[in-house]
Amino acid sequence: MSTEKKNLLEVRNLTVHYETDEGIVEAVNNVSFDIAPGEILGVVGETGAGKTTIALSIMGLLPKPPAHVISGSIKLDGEEFLPSLPEPEGPFDFAKKGPWKAEQKKLELRFREIRGKKVSMMFQDPMTALNPVLYVGDQIAEVIKIHENISAAEAEKRAGDMLEVVGIPRERYKEYPHQFSGGMKQRVVIAIALACHPDLIIADEPTTALDVTIQAQVLQLLRNLQKEYGTAIMLITHDFGVVAEICDRCMVIYAGEKVESGNLEHIFDKNMHPYTRGMFESLPNLEEDTDRLKPIKGLMPNPMDLPSYCSFAERCDVCEEICKSRNPELIEVEPGHEVACILVTEKLAAQNNAKEVK
Amino acid sequence: MSKITTPAMVKLSKKIEKNANVTSNTPGREALKRLRKNKTAMAGLIIILIMFIVAILAPVIAPYTYTEQDYTATMQGPSAAHIFGTDNLGRDLFSRCVYGTRYSLPIGIICTVIGLLCGGALGLCAAYFGGKVDMVIMRIIDVIQAIPSILLCIALVAILGNGMWQLIVAIAAGSIEGMTKNVRAAVFMVRSNEYVNSSKSIGVSDANIMVRHLLPNAVGMIVINAVGAVSGAILSISSLSYIGVGLVAPTPEWGAILSEGKTYMSVAPHMVLFPGLMIAITVVAFNLFGNGLRDALDPRLK
């Protein structure tokens, strides 16, 4: 569905590893996805599945070392943001080091230009995402001053406007973050992210630290502003409720791999991957009277030691012999709906064969 | 919601309002308030201020100049004419001690500021960039630390020669390693906060993050250490002068006065007693003030 439109963000085969003393953590494995302009993509997965690592790679904020982008491509508006040259092997690899360093420097400068202007990020905890010693207004003005060639007074005026946009009276410009409640702080964070009208906002669990009422307010605000400015949002969360509320499409990440993606109908009603199904089954049902929730048994495999076959096999209810033979590939079961499960692949192949025989 | 009616609720709402006013204070003002309540810290601060006033008004306060000699009254104990007594050349010790404030205080502070600027820049870079930068800077600091700082000062003075500026450079260099470590530790604590990452994500440059976001948040810890370092620097000046590599006679530096008096310690103990007391009082004052600052700025001790 997204192929005919020009994509804002194209991520292809992104693989990111963290090289630590204990071993190599395979945080993100071969993940590809697109975000169209003005679209809200929900990224769902449990803690440690690699959601934040994907977000940080797009922002160019991966802590290097220990993080290494092994392969892949990240294109924002058609512009490549991953280095094309291979990393030098060790400190004495002078032949590769020079050009590699030059490219890194160029990329970093380019990243600094686009951060806040084209793509900005909202962090999980609004309590710590604001600098406690600066006025909240000045923190909004900062991003405007960096990216737009306007006077300090004008930037301050625009920062005041942004405060009003997110529903905070302009009189509170000269107040410190500790004088604001959690929800208001998150509004300020939204104001900072939106101040320069970026094309894409990456929101890393923007509502996790808030209570349910404030959560609804913040989501509503985000949705309204998204409509007003036409900003695309990549919303990282582990709450399907949030996804249902504001997302257009959704992508499920498990152990650094994309296991299923599609629009809300695909994910909520026609989901095929056992992991997605398990997650929906573990949700409490209001109509039934049950004593216990139904969890997915087991834990996510250690990302330092991923199996060579389907990483969900050990926890899967419908796991068969074939599941432990190879890695599943991502296939499109219907336009826009992708699933990475060997059983689904096999079933589909069998159906196709049957059709051909007929 | 219904209106506030019962007296208890009125009381409660007033209390809430009052609390709201309290929280509207800035963190700095809160700290100042705590500092003012701390009696020992205020005592330290008052002594420091008195020392400064004495230094500024030295010609007015001192009854004699610091070189004026009276050969009819050498090595006299405290009396009405010479309240701290006189030294072996008949100079008034009180006047010399008063003029001494003009050396110890400013030199101590200048040394600390220079040390803080150099060490601070190094520590800030080490903590912010981490990795190799941190490694290189901290290993160099480790090497410097391996040399006792007083030995380093003596060696530097031996190379640079005697004089006030040489002394300042030597003591400042000796204090760099401690400053670097302190600033690095302070910045490390602040760096892990999310707003550092979040300001990166809106395109703030490294230099700006360090100056606008990291330093102001780490400044509390840095100031505490710096105030403590002033007393250390004052002690260093005095000890260097005492062993004869600091300021030389007839400069009325407290350590130098002590050094001159040590020969006559058994016959005229006042010659070492009073300059020693001056050093002790100043150092204690700075330490008290530094401790008070730490208590005031550390929110955990509220």
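Which residue is the bridge partner of A:Ile40 in β8(A)? The partner is A:Ile233. A:Ile201 also stands opposite A:Ile233 in β8(A).

This is a predicted model: local features need pLDDT of at least 70, side-chain atom pairs count only at pLDDT 80 or more, and totals for chains, interfaces and linings use all residues. Residues are numbered from 1 along each chain as its sequence is written, while chains are lettered from A and ligands numbered from 1 in the order in which they are written.

**Strand β8 of chain A**

Helices (H or I, at least four residues) and strands (E, at least two) are DSSP runs, numbered from the N terminus. Two strands pair if DSSP finds at least two bridges between them.

| Strand of chain A | Residues | Bridges to β8(A) | Direction |
|---|---|---|---|
| β3 | 40–44 | five bridges | parallel |
| β7 | 200–204 | five bridges | parallel |

Six of the six residues of β8(A), 232–237, are buried, so the strand is largely enclosed by the rest of the structure. Buried means that 20 or more other C-beta atoms, placed from the backbone, lie within 10 Å of the residue's own. A:Ala232, A:Met234 and A:Ile236 point one way. A:Ile233, A:Leu235 and A:Thr237 point the other way.

β7(A), helix α7 (residues 212–229) of chain A and β8(A) form a right-handed β-α-β unit. Right-handed means that, with the strands pointing away from the viewer, the path from the first strand over the helix to the second runs clockwise.

**Contact between chains A and B**

The contact takes 25 residues from chain A and 18 residues from chain B. Residues are in contact if their C-beta atoms, placed from the backbone, lie within 7 Å. On the side of chain A that touches chain B, α4(A) gives the most, with four residues.

Methods: Buried ≥ 20, exposed ≤ 12 C-beta atoms within 10 Å, placed from the backbone. Contact = placed C-beta atoms within 7 Å.
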